[in-house]
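This briefing covers the make-up of one protein chain and the packing of its elements. The sequence and structure come first, followed by notes grouped by topic.

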Amino acid sequence: MPKAPAAPAPQPDPASYEAALEELEQLVARIESGQLPLEQMLAGYQRGAALLDFCRARLEAVQDQIKVLDEGALQPWTQE
């Protein structure tokens with residue numbers, strides 16, 4: 001009876017939001033190319049989900065900091 005493949009070790013969190021976004025973009029490009037074997041595609045999807053969670057958490061943390069700086073009122077973003 002064949003053994004199930006060992007689960008890959010969890011990868012560390014990226015160093016920054018920008019690093020996570022860059023890795024996520026590269027990962028999406030590899031998955032969309034259609035050239036990955038099924039196992040690698042699944043692992044890529046799982047890593048992508050983890051990166052997405054990391055990015056969302058960082059954005060929420062920054063938004064919370066902005067609320068504190070703006071005395072609890074979230075201000076609309078305007079580019080000057």
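Of the 80 residues in the protein chain, 12% count as buried. The model is a predicted one. Its accessible surface comes to about 7000 Å², and carbon and sulfur atoms hold 58% of that area.

**Chain overview**

- The protein chain has two helices and zero strands.
- Among contacts with a separation of 6 or more, 62% are between residues 24 or more positions apart.

**Packing of H1 and H2**

- Helix H1 spans residues 17-33 and helix H2 spans residues 38-69.
- Their axes come within 9 Å and cross at roughly 150°.
- Angles over 145 degrees count as roughly antiparallel, and H1 and H2 are therefore roughly antiparallel to each other.
- The crossing in which H1 passes H2 is left-handed.

**Residues at the helix contact**

- On the H1 side, the contact is made by Tyr-17, Ala-20, Leu-21, Glu-23, Leu-24, Leu-27 and Ile-31.
- On the H2 side, these meet Met-41, Gly-44, Tyr-45, Arg-47, Gly-48, Leu-51, Phe-54, Cys-55, Arg-58 and Leu-59.
- Sorted by class, the contact of H1 with H2 comprises 12 nonpolar, two polar and three charged residues.

**Segment before H1**

- Pro-10 lies in the segment before H1.
- With a relative accessible area of 78%, Pro-10 is exposed, since the cut-off for exposed is over 50%.
- Pro-10 and Gln-46 are 36 residues apart along the chain, and their C-alpha atoms are separated by 9.9 Å.

Terms used. Residues numbered from 1 in each chain as written. Predicted model: local features only at pLDDT ≥ 70, side-chain atom pairs only at ≥ 80, totals over all residues. Heavy atoms only, no water. Axes fitted to C-alpha atoms, helices over the stretch in contact; angles between N-to-C directions. Helix = DSSP H or I, 4+ residues; strand = E, 2+ residues; numbered from the N terminus. Parallel < 35°, antiparallel > 145°, perpendicular 65-115°, else oblique. Left-handed = near helix turned anticlockwise from the far one by under 90°. Contact = heavy atoms within 4.5 Å. Nonpolar A, V, L, I, M, F, W, Y, C, P; charged D, E, K, R; others polar. Buried < 20%, exposed > 50% of the residue type's maximum accessible area, 1.4 Å probe, protein only. Areas by Shrake-Rupley, 256 points an atom, 1.4 Å probe, with all protein chains shown as cover.
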